[in-house]
Amino acid sequence: MPTSLYTESRGLGPDLVLLHGWGLNSGVWEPVSHLLQRHFRITMVDLPGFGRNADSLPSPYTLE
């Protein structure tokens with residue numbers, strides 16, 4: 001397993017961490033990220049098994 005997860009930070013101001021829901025990735029925040037980064041330093045995280053961290057879980061990946 002990797003020692004760190006892929007994250008992307010943008011903007012200036014108070015920190016705001018954006019987590020996606022199950023079955024998605026940090027790309028879900030793209031439509032609103034430009035608005036939020038005007039007021040916050042946003043950090044978008046791809047959780048293990050999703051997005052750029054898709055290979056971070058052992059195979060096979062099942063719900064069990």
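This is a predicted model: local features need pLDDT of at least 70, side-chain atom pairs count only at pLDDT 80 or more; totals for chains, interfaces and linings use all residues.

Q: Which helices and strands does the protein hold, and what pattern do they follow along the sequence?
A: The protein has one helix and three strands. Reading along the sequence gives the pattern β-β-α-β.

Q: In which sense does E3 pair with E1, and in which with E2?
A: Take each pair in turn. E1 and E3 pair in the antiparallel sense over four bridges. E2 and E3 pair in the parallel sense over five bridges.

Q: Which residues of E3 are the bridge partners of arginine 10, aspartate 15 and valine 17?
A: For arginine 10, the bridge partner in E3 is isoleucine 42. Aspartate 15 has arginine 41 as its bridge partner in E3, and valine 17 has threonine 43.

Q: How many salt bridges does the structure hold?
A: The general idea comes first. Side chains of opposite charge can pair when their charged atoms come close. This structure holds three salt bridges.

Q: Which of them involve arginine 10?
A: The side chain of arginine 10 meets that of glutamate 8 in a salt bridge at 2.8 Å, N to O. Arginine 10 also forms a salt bridge with the side chain of glutamate 30, at 2.8 Å, N to O. Glutamate 30 lies in helix H1 (residues 30-36) and arginine 10 in strand E1, so this pair ties together parts that are 20 residues apart in sequence.

Q: How exposed are glutamate 8 and glutamate 30?
A: Glutamate 8 has 26% relative accessibility and counts as partly exposed. Glutamate 30 counts as partly exposed too, at 38% relative accessibility.

Q: What do the side chains of arginine 41 and aspartate 15 form?
A: The side chains of arginine 41 and aspartate 15 meet in a salt bridge at 3.9 Å, N to O. Arginine 41 lies in strand E3 and aspartate 15 in strand E2, so the pair ties together parts that are 26 residues apart in sequence. These two residues are also bridge partners in the sheet. Arginine 41 is partly exposed, with a relative accessible area of 36%, whereas aspartate 15 is exposed, at 59%.

Q: What about a charged residue without a salt bridge: how far is aspartate 46 from the nearest side chain of opposite charge?
A: In such a case, look at the distance and then at other contacts. Aspartate 46 is in the segment after strand E3 (41-45). Aspartate 46 is buried yet has no salt bridge, and the nearest side chain of opposite charge, that of arginine 52, is 5.3 Å away. A salt bridge needs the nitrogen within 4 Å of the carboxyl oxygen.

Q: Which backbone atom does the side chain of aspartate 46 reach?
A: The side chain of aspartate 46 reaches the backbone nitrogen of arginine 52 at 2.8 Å. Beyond its neighbours within four places in sequence, aspartate 46 has contacts that include Leu5, Tyr6, His20 and Asn53.

Q: Where is histidine 20, and is this residue buried or exposed?
A: Histidine 20 is in the loop between E2 and H1. With 7% relative accessibility, histidine 20 counts as buried. Its side chain reaches the backbone oxygen of leucine 24 at 3.4 Å and the backbone nitrogen of leucine 47 at 3.0 Å. Leaving aside neighbours within four places in sequence, histidine 20 is in contact with residues including Trp29, Val45, Asp46 and Phe50.

Q: What share of the residues in the protein is buried?
A: Buried residues make up 20% of the 64 residues. As for contacts with a separation of 6 or more, 70% are between residues 24 or more positions apart.

How values were computed: Residues are numbered from 1 along each chain as its sequence is written. Side-chain values use heavy atoms; hydrogens and water are left out. Buried means under 20% relative accessible area, exposed over 50%, partly exposed in between (1.4 Å probe, protein chains only). Lys and Arg count as positive and Asp and Glu as negative; His and the chain ends are not counted. A polar contact is a pair of N or O atoms within 3.5 Å; within protein, one must be able to donate a hydrogen and the other to accept it, and residues adjacent in sequence count only if both atoms are side-chain atoms. Contact means heavy atoms within 4.5 Å. Two strands pair if DSSP finds at least two bridges between them.
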